[in-house]
Every structure is written in structure tokens, then in C-alpha cells.
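New notebook page. I want to go through this chain and jot down what I look up as I go.

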Amino acid sequence: MFANIGVPGLVLIVILALIIFGPNKLPQIGKAAGQSLKEFKNSTRALTQDVKDETDEVKSIIKEEKMS
């Protein structure tokens with residue numbers, strides 16, 4: 001999605017952000033966006049681990065049933 005933006009596009013986005021939000025507000029917005037992204041990654045990682053644990057449990061139950 002962002003692979004096609006390129007350097008000129010990023011420069012334009014930064015300039016527009018500076019004009020819209022101002023230089024004082026921009027670091028706060030960046031920090032909030034970074035924290036939100038970190039929380040999203042942590043939640044995704046936890047959900048993926050839960051699904052993996054459940055599938056491993058189901059596999060072990062199936063394996064035990066086949067051995068019986």
C-alpha cells in the first residue's frame with residue numbers, strides 16, 4: 001500500500017501535516033500514533049499466540065484419540 005508513495009510523496013505528507021497540525025502538535029500526534037501501533041501489534045501477537053495454542057491443543061487431542 002505505501003510502497004508506491006516514494007520520497008516526494010512522503011515529503012508532501014510531512015509538509016501537509018506541519019501546515020495542518022503545526023510544529024508543536026506534530027510530536028504529540030506522532031507519539032500517540034506510535035503507541036497505538038505498538039498496542040495493535042501486541043494485541044495481534046497475543047491473538048496469534050492464542051490461536052496457535054488452541055490449534056496445538058486440538059492437534060494433541062486428535063493424536064491421543066488416534067492412539068487409543
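Predicted model: local features only at pLDDT ≥ 70, side-chain atom pairs only at ≥ 80, totals over all residues.

I searched the whole structure and got 1 salt bridge (a side-chain nitrogen of Lys or Arg within 4 Å of a carboxyl oxygen of Asp or Glu). Residues are numbered from 1 along each chain as its sequence is written, and side-chain values use heavy atoms, with hydrogens and water left out.

Which side chains meet in the salt bridge? I found lysine 52 and aspartate 56, at 3.2 Å from N to O. They sit 4 residues apart in helix α1, so about one helical turn separates them. (Helices are DSSP runs of H or I with at least four residues, strands are runs of E with at least two, and both are numbered from the N terminus.)

Next I checked accessibility. Lysine 52 comes out partly exposed, at 45%, and aspartate 56 is partly exposed too, at 34%. (Buried is under 20% relative accessible area, exposed is over 50%, and partly exposed is in between, using a 1.4 Å probe and protein chains only.)

**Patches**

I then looked for surface patches, which are made of residues with over 30% relative accessible area and no salt bridge; like charges are joined within 9 Å, and nonpolar side chains (Val, Leu, Ile, Met, Phe, Trp, Tyr) within 5 Å. The areas come from the Shrake-Rupley method with a 1.4 Å probe.

Asp50, Asp53, Glu54 and Glu57 form a negative patch. Asp and Glu count as negative here, Lys and Arg as positive, and His and the chain ends aren't counted. The charge is placed at CG of Asp or CD of Glu. I looked up aspartate 50: it is in helix α1, residues 6–67, and is partly exposed at 47%.

There's a nonpolar patch as well, about 870 Å², with Val7, Ile15 and Phe21 among its residues. Phenylalanine 21 lies in helix α1 and is partly exposed at 44%.

**The annotated stretch**

The unreviewed UniProt entry marks residues 6–22 as "transmembrane region"; such annotations may be inferred rather than shown by experiment. In the model, that span is 100% helix and 0% strand, with its end C-alpha atoms 23 Å apart.

**One last distance**

How far apart in space are serine 43 and isoleucine 62? I got 29 Å, C-alpha to C-alpha, for 19 residues of sequence. Serine 43 is in helix α1 and partly exposed at 39%.
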